[in-house]
Every structure is written in C-alpha cells, then in structure tokens.
Amino acid sequence: GAWFTEVSKGRVICKSKPGRQHYNPMGVAHGGYASSLLDTAMGCAIHTVCEQGTGNMTLELKVNLVRPITEEVGELTVEGSVIHQGRTIATSEGRIVDANGKLYAHGNTTCMIVPIR
C-alpha cells in the first residue's frame, strides 16, 4: 500500500493511503502501519548511499506516533533522509505527514551496511 514518488541520493519520498485494513481494534491504524512506512522510507534512503554490492538491514528502529492515523486523513507522505553514512553503520530519520504538512509520526533508524550476495 505504498509507492515511491521521489528517490535521490540520501532521500526518498513515498505515499500511502491508510484504510480500514490497517486498523487495530481501537479503530485507528495500527502502530505497525506507521512503523513499516517509516522503516521502508528510512532504510531505502540509506540504500541510496550504499556502495554497489552492498545493502543494509535495520539494527534499531524508533518510532513516535503523535496523532491517530485513520482513513479520513487521506494520502500520507513519508520522507526518509540519511543523517550519517559510515562504512558499516548508517542512520536516517523519517516523517509521516498529511497533505497539509500535519505530522502523524516520526522516527529514526540505525542500519548495518552489509554485502549483498
């Protein structure tokens, strides 16, 4: 349920539209929905700076949910940006906002750079 709209070195943007299939029993999108979107955007941002023959895997993921996500919020924009790129470790940050720029969640990740087999 997400698609990329922009990919550049150190930054990616994707979009997603929440629906009832993402809801938890409380009637809002499950925290895993926002976590998955952020993990994808932040990890892909890191992948854009990896050398050929390498990729990355999430070591740590921190997500802050700041307001409920429901289908009424409409299309969401998820941005991931690299903060630090090292030889074996990279970090990035991400944000989920609505069409008006209202923040719904933000996060940080630490990824390990690994060879791709």
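Which backbone oxygen does the side chain of Thr 54 reach? The side chain of Thr 54 reaches the backbone oxygen of Glu 51 at 2.6 Å. The model is predicted, so local features need pLDDT of at least 70 and side-chain atom pairs count only at pLDDT 80 or more, while totals for chains, interfaces and linings use all residues. Residues are numbered from 1 along each chain as its sequence is written, and side-chain values use heavy atoms, with hydrogens and water left out.

**Thr 54**

- Thr 54 lies in strand β3, residues 54-65; strands (E, at least two residues) and helices (H or I, at least four) are DSSP runs numbered from the N terminus.
- Thr 54 touches His 47, Ile 113, Val 114, Pro 115 and Ile 116, leaving aside residues up to four places away in sequence; contact means heavy atoms within 4.5 Å.

**Nonpolar cores**

- The largest nonpolar core has 17 residues; such a core is a set of buried Ala, Val, Leu, Ile, Met, Phe, Trp, Tyr and Cys residues joined through side-chain atoms within 4.5 Å.
- Tyr 33, Leu 38, Ile 69, Leu 76, Val 78, Ile 96 and Tyr 104 have the most contacts inside this core.
- Two or more residues come from each of β2 (11-16), α1 (31-47), β4 (76-85) and β6 (103-115), and α1 gives the most, with seven residues.
- Another core, of five residues, lies apart from the largest one and includes Cys 50, Ala 90, Cys 111 and Ile 113.
- Ile 96 touches Ala 34, Leu 37, Leu 38, Leu 76, Thr 77, Val 78, Lys 102, Leu 103, Tyr 104 and Ala 105, again not counting residues up to four places away in sequence.

**Helix α1**

- Helix α1 has 17 residues and reaches 24 Å from its first C-alpha to its last, close to the 24 Å expected at 1.5 Å a residue; the expected span is 1.5 Å times one less than the number of residues.
- Its buried residues are Tyr 33, Ala 34, Leu 37, Leu 38, Ala 41, Met 42, Gly 43, Ala 45 and Ile 46; buried means under 20% relative accessible area, exposed over 50%, and partly exposed in between (1.4 Å probe, protein chains only).
- Among the elements covering these buried residues are β1 (2-8), β2, β3, β4, β5 (89-97) and β6.

**Cysteines**

- A search of the whole structure finds zero disulfides, a disulfide being a pair of cysteine sulfur atoms within 2.5 Å.
- Cys 44 is in no disulfide, and its nearest cysteine sulfur, that of Cys 14, is 7.7 Å away; Cys 44 is partly exposed, at 28% relative accessible area.
- Cys 111 is buried at 0% relative accessibility, and its sulfur is too far for a bond because the closest cysteine sulfur, in Cys 50, is 8.3 Å away.

Note on methods: A polar contact is a pair of N or O atoms within 3.5 Å; within protein, one must be able to donate a hydrogen and the other to accept it, and residues adjacent in sequence count only if both atoms are side-chain atoms.
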